[in-house]
Amino acid sequence: MELSAIFHHPDKRFCYALAPGQFLLRIQAKANDLRLVVLHTMDKYLPLSIADTRQQQVMEKVTTDGIHDYFEARISLDMVCLRYFFALTDRHGKTVYYGNYRFSPEEIRNIDDMFDCPQPLREEERFCIPDWAANKVVYQIFPTRFASSRPVPDRIWYQAPIGPSTDLKGDLRGILSRLPYLRDLGVDVLYLTPIFQANSCHKYDTVDYFQVDSRLGTEEDLRQLVQQAHAMGMRVILDAVFNHTSRDFFAFRDILEKGETSPYCSWYYIRSFPIRAERGEKPTYKTFSYYGGMPKLNLQNPQVQEYVFQVVRYWMRACQIDGWRLDVGDEISHSFWKAFRKVVKAENPQALIAGEVWHYAGDFLEGDEWDTMMNYDFQGAVLGFVHGGPQAATQFVQRMGFLRGNAHTHVYPVLWNLIDSHDTQRAMRSCGDNPDRFRLAAAMQLLSTGMPMIYYGDEYGLTGGNDPDCRRGMPWKPEKQNGDIFRWYQTLIRLRKAHPVITQGRITAVYADDQKGILAITREAEEEKMTLVFYNGSKPAACGIPQGRDLITGALFRGTLSPFQVLILSPADDST
């Protein structure tokens with residue numbers, strides 16, 4: 001037994017309340033090292049002479065990332081404080097006991113040698129994620145490039161490649177006019193990239209946070225957009241760009257004019273005066289990514305914090321928006337996000353907070369900061385599988401296993417699973433502009449647990465290179481669309497919603513054939529059982545998965561996979 005691989009800490013990741021009286025405990029071990037893990041629990045304050053509160057529960061191995069296995073147990077509690085330890089049995093039958101960070105060859109009897117979990121404290125810290133959010137479909141819109149309420153010539157709208165400053169005249173009323181389309185596609189959440197007053201096309205350089213950019217419309221347009229989206233059962237999330245501003249933002253403009261005498265110097269991180277931001281040099285102030293046009297706000301300054309919180313309150317009250325996506329979220333302090341969450345949840349406890357981060361960021365997802373994050377690791381896992389390779393199927397399983405084993409069990413179903421975004425090349429381009437590979441990538445996104453984040457135009461196979469070419473005009477004309485891909489999206493979203501087992505079912509079997517490029521995941525929930533099959537090969541291949549009827553085509557699967565095929569199989573006895 002590899003003792004150094006055993007990890008448990010009674011914190012918000014490995015010991016937490018799911019609901020009043022319901023707790024989850026988790027322990028990590030070396031992959032394939034343990035045959036059995038038993039959780040031993042007892043009441044801290046009731047001695048055995050008064051009541052024997054000792055209980056045992058076999059923990060379930062819920063996932064693996066290839067390096068570690070993760071075991072979990074769900075227990076019911078009604079006490080002041082829980083004490084517990086683990087009995088760990090390896091593949092050779094040897095058992096050791098683990099409590100309070102120490103190992104013992106004998107069963108632990110002294111409560112001081114056990115882990116400690118105060119029930120009221122953990123319940124007060126319970127991670128409350130919006131009830132509506134789990135497994136909902138998110139649709140990302142780049143407002144200037146999605147739809148316009150004004151006529152735009154095709155030669156302008158459909159230009160490719162597209163530059164960073166091209167004005168396609170997309171606006172909020174254009175989005176509003178397309179709400180029925182989005183509803184019929186199956187979208188649950190609209191995420192709009194920045195809409196506040198800015199000088200750029202992308203609007204990540206905010207000039208005025210209290211004004212909708214005049215080129216996009218008015219505050220009333222936003223209000224109507226949100227109201228009509230709500231009437232159709234959809235929610236609206238705005239981009240929160242609080243890491244940095246434009247140089248034309250009033251506070252930085254004052255610094256440019258008055259220098260060291262400006263009262264706003266402490267709103268930013270000014271290294272030296274005079275202010276300089278020459279090409280090829282580091283600016284004399286902190287910025288986003290050394291870009292002088294986006295000076296970084298000092299969010300530790302109470303005045304800046306209060307200004308941002310006023311912005312948050314204003315838009316949540318004025319337009320009833322449903323949450324915020326946090327730009328450059330991992331470059332802003334935990335203390336700020338803790339305060340930010342309190343402000344947001346005070347306005348609307350059901351508002352969703354999603355952080356932008358390009359790596360796993362569990363320290364932001366402990367219940368007092370973000371609700372979820374943009375899951376770029378998912379993108380890497382999907383594209384890795386689609387392109388194949390020596391261990392593509394296994395690596396996908398392992399990368400998802402890491403997320404499942406480390407994320408809060410309530411967070412996992414709300415991770416924003418993406419295959420592209422406004423910051424990456426289009427998924428179609430990442431798939432070599434091969435529609436079959438792209439359909440496979442889209443299927444993995446739409447048939448996984450979490451919130452699939454569809455980047456506008458993907459449902460028509462829109463392609464494009466890295467920023468800014470990934471931000472082309474939405475292909476509204478039929479001749480610009482791939483109808484087969486659109487029907488693929490419609491079908492998979494419909495099946496995802498009609499059969500919750502696809503996203504919510506317990507995984508009971510995983511089959512990964514790296515040589516053939518086959519991945520099969522079986523899920524079960526109540527009376528329903530489904531096997532999801534993904535194949536990344538370019539030639540037909542025999543597959544040993546039991547026969548069943550494919551929900552996508554209605555055909556009976558007889559054991560041979562077509563190139564890049566995806567199946568949603570119901571058991572054979574249900575398919576006759």
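## Pockets, sheets and local geometry

By class, seven nonpolar, six polar and eight charged residues line the second largest pocket. Here Ala, Val, Leu, Ile, Met, Phe, Trp, Tyr, Cys and Pro count as nonpolar, Asp, Glu, Lys and Arg as charged, and the others, Gly among them, as polar. This is a predicted model: local features need pLDDT of at least 70, side-chain atom pairs count only at pLDDT 80 or more, and totals for chains, interfaces and linings use all residues. Residues are numbered from 1 along each chain as its sequence is written, and side-chain values use heavy atoms, with hydrogens and water left out.

The lining of this second largest pocket comprises 21 residues. Y204, F288, M294, D423 and D467 lie nearest the pocket centre. The space inside is about 430 Å³. A pocket is an open set of points on a 1 Å grid over the protein atoms alone, with protein on both sides within 12 Å along at least five of seven lines. A cavity is a set of points where a 1.4 Å probe fits but cannot get out; lining residues, for both, have an atom within 4 Å of a point. Grid points are joined across faces, edges and corners, and a volume is the space filled by probe spheres set on the points.

One cavity of 30 Å³ or more is present. The largest cavity holds about 60 Å³. Its lining consists of K12, Y16, A17, R122, E125, R126, F127, E366 and H408. By class, that is three nonpolar, one polar and five charged residues.

Next, the barrel. Eight strands close in the order β11-β12-β15-β18-β19-β20-β21-β22, with parallel pairing. Twist from one strand to the next averages 25°. Strands (E, at least two residues) and helices (H or I, at least four) are DSSP runs, numbered from the N terminus. Two strands pair if DSSP finds at least two bridges between them. Strand β21 (residues 416-418) joins strand β22 (residues 451-455) in the parallel sense through three bridges. Within this pairing, W416 faces M451 in β22. Helix α13 (residues 435-446) packs on the sheet and touches β21 and β22; its direction makes about 145° with that of β22. Contact means heavy atoms within 4.5 Å. Axes are lines fitted to C-alpha atoms, for helices over the stretch in contact, and angles run from 0 to 180 degrees between N-to-C directions.

A separate open sheet has four antiparallel strands in the order β1-β2-β6-β5. β1 (15-19) and β5 (60-64) are the edge strands, each with a single partner, so one side of each has no neighbour in the sheet. Neighbouring strands are turned by 30° against each other on average, direction ignored. β1 and strand β2 (residues 22-30) pair over four bridges in the antiparallel sense. Y16 has L24 as its bridge partner in β2. Helix α11 (residues 392-406) packs on this sheet, touching β2, β5 and β6 (68-76), and its direction makes about 130° with that of β5. Y16 also belongs to the lining of the largest cavity.

The whole structure contains 44 aromatic pairs. F250 and Y264 have ring centres 5.3 Å apart and planes at 90°, so the pair is edge-to-face. F250 sits in helix α7 (residues 250-258) and Y264 in the loop between α7 and β16 (287-288), 14 residues apart. Rings of Phe, Tyr and Trp (its six-membered ring) pair if their centres lie within 6.5 Å; planes under 30 degrees apart count as stacked, over 60 as edge-to-face and the rest as tilted.

Two cis peptide bonds are tabulated here.

| Cis bond | Omega | Loop holding the proline |
|---|---|---|
| F273 to P274 | about 0° | P274: between α7 and β16 |
| D467 to P468 | near 15° | P468: between β22 and α14 (483-498) |

D467 is also among the residues nearest the centre of the second largest pocket. N100 is not a glycine, yet has a positive phi of about 50°. N100 lies in the loop between β8 (95-99) and β9 (102-104).
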